[in-house]
Amino acid sequence: PNSFDRRSMYECTQWFADRADKKGLPITGVAINVNDYIRKWDQPGVKAQYQKRMREDLKRYRNNPSIVMWCNSGNFFGHKEDQNPRVIGRRDWETDNAYARRNAKRGEEAIAMIKLADPTRPVFTHQGGNVGDVNTVNNYLNLIQTQEVEEWLSEWSENGNMPFFAV
């Protein structure tokens, strides 16, 4: 998910969603990127500004049936243990890093706002660990032995309490 506000990029969510609708392909929709807002979340008016901007965007795209989930950030909520097989897909796991905990709490508040605007779809954060409805990590298993790759999700399959999505 890109920050269209910050990067002034051409926004092509509708283009992708229209084509996915025609082909019957499921995609994740981009809710406004929360990363820049999270840094100043407790400042007056920031939450309201995010909520207003996010609602405007979701209104435009929420009727596309191809959009099956919303994503609202990229590479912001990850932490040093996010690929640890013992914590993948575990909502009950919490980092000992106060900064990461604070940001995760703010991220969950932003996700709650998205769910108010569209309660029909799950919301995740790209490379966001257990922030959101789906646990996600950037997945780089190419430098470990085959046996470890094959067993990597064993703990999650037995003890995970949320869906996992390798992004």
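Biologist: Helices, as DSSP runs of H or I with at least four residues, and strands, as DSSP runs of E with at least two, are numbered from the N terminus. How many helices and strands are there in the protein?

Modeller: The model is predicted, and the elements assigned to it follow one another along the sequence in the pattern α-α-β-α-α-β-α-β-β-α-α-β. Counted by type, the protein has 7 helices and 5 strands.

Biologist: What radius of gyration does the protein have, and which value would a compact globule lead us to expect?

Modeller: The C-alpha atoms, taken along the principal axes, fill a box of roughly 45 × 45 × 30 Å. For 167 residues, a compact globule would have a radius of gyration near 15 Å, and this agrees with the value for the protein, which is 17 Å.

Biologist: What share of the contacts with a separation of 6 or more joins residues 24 or more positions apart?

Modeller: A contact here means heavy atoms within 4.5 Å. Of the contacts in the protein with a separation of 6 or more, the share that joins residues 24 or more positions apart is 74%.

Biologist: What part of the accessible surface belongs to carbon and sulfur atoms?

Modeller: Buried residues make up 41% of the 167 residues in the protein. The accessible surface comes to about 9,500 Å², and the part of it that belongs to carbon and sulfur atoms is 51%.

Biologist: How far apart are the mean positions of the positive and negative charges?

Modeller: The protein carries 24 positive and 22 negative charges.

Biologist: Which exposed residues does α2 carry on the face turned away from its buried side?

Modeller: Helix α2 runs over residues 13-23, and its buried residues are T13, A17 and A20. These cover an arc of only 65 degrees around the axis, so they lie on the same side of α2. The face turned away from that buried side carries the exposed residues K22 and K23.

Biologist: What is the C-alpha distance between F77 and V137?

Modeller: F77 lies in the loop between β2 (67-74) and α5 (98-117), and with a relative accessible area of 6% this residue is buried. Among the residues that F77 touches are V34, I38, N103, T125 and Q127. F77 and V137 are 60 residues apart in sequence, and their C-alpha distance is 9.6 Å.

Biologist: What phi does Q127 have?

Modeller: Q127 lies in the loop between β3 (123-126) and β4 (135-137), and at 12% relative accessibility this residue counts as buried. Although Q127 is not a glycine, its phi is positive, at about 55 degrees.

Biologist: In which loop is N75 placed?

Modeller: N75 is not a glycine, yet its phi is positive, at about 55 degrees. Its place is in the loop between β2 and α5.

Biologist: How far apart in space are N135 and S157, C-alpha to C-alpha?

Modeller: N135 lies in strand β4 and counts as buried at 3% relative accessibility. The residues N135 touches include V87, R90, G129, M162 and F165. N135 and S157 are 22 residues apart in sequence, and in space their C-alpha atoms are apart by 13 Å.

Key:
Residues are numbered from 1 along each chain as its sequence is written. This is a predicted model: local features need pLDDT of at least 70, side-chain atom pairs count only at pLDDT 80 or more; totals for chains, interfaces and linings use all residues. Side-chain values use heavy atoms; hydrogens and water are left out. The radius of gyration is taken over C-alpha atoms; the globule rule is 2.2 Å times the number of residues to the power 0.38. Buried means under 20% relative accessible area, exposed over 50%, partly exposed in between (1.4 Å probe, protein chains only). Accessible areas come from the Shrake-Rupley method with a 1.4 Å probe; for residues, only the protein chains shown count as cover. Lys and Arg count as positive and Asp and Glu as negative; His and the chain ends are not counted. The place of a charge is taken as NZ of Lys, CZ of Arg, CG of Asp or CD of Glu. The arc is that of the directions from the helix axis to the C-beta atoms. Lists of a residue's contacts leave out its neighbours within four places in sequence.
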